Amino acid sequence: HPVHLKDYRPPEFLIETVDLCFELDADRTRVEARLALRRNPAATRGDGDLRLDGEQLELESVAIDDQLLTPAEYRVESESLIIHRVPDRFTLTTRVTISPSQNTALEGLYQSGDMLCTQCEAEGFRRITYFLDRPDVMARFTTTLIADTERYPVLLANGNPAEQRTLDDGRQLARWVDPFPKPCYLFALIAGDLRAVEDRFTTASGREVALRIYVEPHNLDKCDHAMRSLKQSMRWDEARYGREYDLDIFMIVAVSHFNMGAMENKGLNVFNDKYVLARPDTATDQDFQGIEGVIAHEYFHNWTGNRITCRDWFQLSLKEGFTVYRDQEFSADMGSRGVKRIADVRLLRAHQFAEDASPMAHPVRPESYIEINNFYTVTVYEKGAELVRMQAALLGPERFRRATDLYFERHDGQAVTTDDFVRCMEDASGCDLGQFRRWYSQAGTPVLEIEGHHDAESATYRLRVRQHTPSTPGQPEKAPLHLPLALALLDAEGRELALRLDGEDEAAPAGTRVLELREAEQCFTFVDVPEPPVPSLLRGFSAPVRLRFDYSDVELMFLMAHDGDGFNRWDAAQTLMQRLLLRLVEDPAAVIPESFFAAFAQALDDRAGDPALLAEVLTLPAESYLGDQLAVVDVDGIHRARCTLERAIGARLRDQLLAVHAAHDDAGPYRLTPEAIGARALKNRALGYLLAAGDAEGLARCIAQFEAARNMTDCISALRLLVDHGGEAGLEALSSFHTRWSGEPLVLDKWFSVQATSPRPDTLARVERLMRDPDFSLRNPNRVRSLIGAFCNANPVRFHAADGSGYRFLADRVLELDPLNPQVAARLMRALVRWRRFDAARQALMRAEIERVLAAEALSRDVYEVAAKALEE
Ligand code: ARG
Ligand code: ZN
């Protein structure tokens, strides 16, 4: 049954305080909950009954004001506990039993290795105890944990530590008090034999905060980067948003079985260990950056999510969109801003645009859902971040800061809506964002079609801008959006013109200018433009739209070489490569123009240029993204075209690529600076082209790099290339890599992924063999993602094999996984939802597999929703 935004009603009861007592045991944990409840004066009166959420709980007793109820006084249903005729204010005490070791869904309280941990967002708390499991019920929590001292020496919960003592029976007790009211999805507890890396932080106002990162003992040597990232995040949030931390202690725990990335529980962030643990020899540059970004993201949630939370789950982007925007800006400040923007836009275009073009398309603020876990999407997160970014651009930095200050002041301690957020933007700035609000409710990727006309006689340049948004499921009609269009006009030397619009008294200083679009069609006439300029449009990707402008190849090469906006230089190169690749898809014999090689040779020769940006420029658009540009995805044609171009580049630019590889082969100590990261990326890109071209010297260098590498970036890049292009050398490398890293699960994940994503024809057979590897387990989400997820989402040519074997493999895995872990199963299922984008034969095969999944008995809500929506007309 779907839940609808329009049905929102305030809760009938409020909970002021919660006293939880856990007697922890892996098989049978007892939970006592004392809730101080009262009727909500702001609620419309219902039937007067109290209805609490609860799932898979074994109820032992219920008491009101310490009087035990008889079974006639309440009713237990599969997902709730209903108590009739309760007073207006009372204490409810329930006792339940739960089983962490049987909890394979990893939602609620579960076992990971030898530790016990929790994941409550979105609706996991109801698997721990009976509660009003909705974010607009905010309560003050006290948590008492009792457990065997040997097995569980460390006992953690939200807030500040209040008490710890040994009991007479070999157990110990720890009590935690969280002074801040919070919704129950932010509850967390941890019990285990853990060690902590400790540090301290003094806030701007002088508060001392203890910092601890808890890991299993053997991982203590992999926490430095996470700790550094945490302290940098805390400092940055003070400087950029004036936000200080508010408890005496901040803890992070690394867990090896985790459905998502991490969770911002108040004072006790729980992480997928992939986003904590790193050493140069075990983690890639990308892993290090992922850790920095996710640590920041969860920390930033303390204000954008915890102090101010969501009224209901339709408002998820209130906290996620804003927090992603904040972590993106943080990472931009810590590393290379230009490269960060490219990475973010690449992700948005590859996944969010694809989601918008799929049966799962939904607005940033969805209207309805069957299973909320299915709505932790790139649309809610990444497009949501773009909406905040656009508002920041429309307001400008000073007014945006004033608006966020107002937001924190006005809504601290409240559960609010995306609309409340936008109202703060308006109230603090005087901007009218009435039309802008449509971005939250309207799904789909807008298309901007721009045409430029130069008139020599009047020395004017006119831009005609049209916008439209293709329809999405349930939203056939779309209205025009308000958006910032950042642009510059370049003269023949690449200089930015001082822009004056017709009717303006004076020109703005030369550089980027932001135009505001509101209409379906608008014209802008620039005066004093004697020569035809080249427009640099949508600079920095100022709005999440598809831009269409009819550039010539020559103009794109000009922008690639001269645009002052690094993002647009990269984007021009991408457009150029995309064009060339699509031409090759259509005609495999098409000639690659000399000018193309010349442009890339020039970029490679630019010694003064930023190697990181150059590495991005040299990265071909992904196969799936190229598929999105076609009316019907041509799986094999795209793969072939990409191989052809890679081979051609590798052969034609061989000497330069070898020189680039040698020039950036760093021998010194590992550094995580943008320059060092850029150098490694560029060097490995160069190697990639050489191996694609079958270059013998390249292969020799690759083998040498694999053997000598002291950092995981160089090691895994070489391994991947050897597996794809090195024949026998690839098999040897895989086996030595496995021997070397058999004790490090996160590194083993890479070993699985490299094999699962290889375009070699025998990959599916290999994946099936790896499913039976003793190191493989369906119960570990990281392992599932590294093998099954990698094959289905990052290996289009093999997943979409014409015989349907990839589809069958996926559906089998979904059916196998669903009874264990519906959330992860539903994620995998998404690989099939875009079936209508393919040719008739593949459509039929994909559709049949979706139908087979739908026909299964006892399907979870999670998988059901994805599969059912995939087939909706
Ligand atoms: N709030 C967490 C984060 O963004 C993610 C929680 C995801 N929960 C889920 N049910 N998928 O950092
Ligand atoms: Zn988040």
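A residue counts as near a molecule or strand here if its C-beta atom, placed from the backbone, lies within 6 Å of it. This is a predicted model, in which local features need pLDDT of at least 70 and side-chain atom pairs count only at pLDDT 80 or more, while totals for chains, interfaces and linings use all residues. Residues are numbered from 1 along each chain as its sequence is written, and chains are lettered from A and ligands numbered from 1 in the order in which they are written.

Let us start with the ligand. Around ligand 1 sit Glu121, Ala122, Met260, Ala262, Met263, Glu264, His297, Glu298, Glu320, Asn373 and Tyr376. Two or more of these residues come from each of β20 (262-263) and α2 (285-300); helices (H or I, at least four residues) and strands (E, at least two) are DSSP runs, numbered from the N terminus.

Next comes a pair of helices. Helix α17 (residues 696-708) packs against helix α18 (residues 712-725) at about 140 degrees, with the axes 8 Å apart; axes are lines fitted to C-alpha atoms over the stretch in contact, and angles run from 0 to 180 degrees between N-to-C directions. That makes α17 oblique to α18, since angles under 35 degrees count as roughly parallel, over 145 as roughly antiparallel, 65 to 115 as roughly perpendicular and the rest as oblique. Residues in contact have C-beta atoms, placed from the backbone, within 7 Å.

| Helix | Residues in the contact |
|---|---|
| α17 | Cys702, Ile703, Gln705, Phe706 |
| α18 | Asp714, Cys715, Ala718, Leu719, Leu721, Leu722 |

Technical notes:
Two residues are in contact if their C-beta atoms, placed from the backbone, lie within 7 Å.
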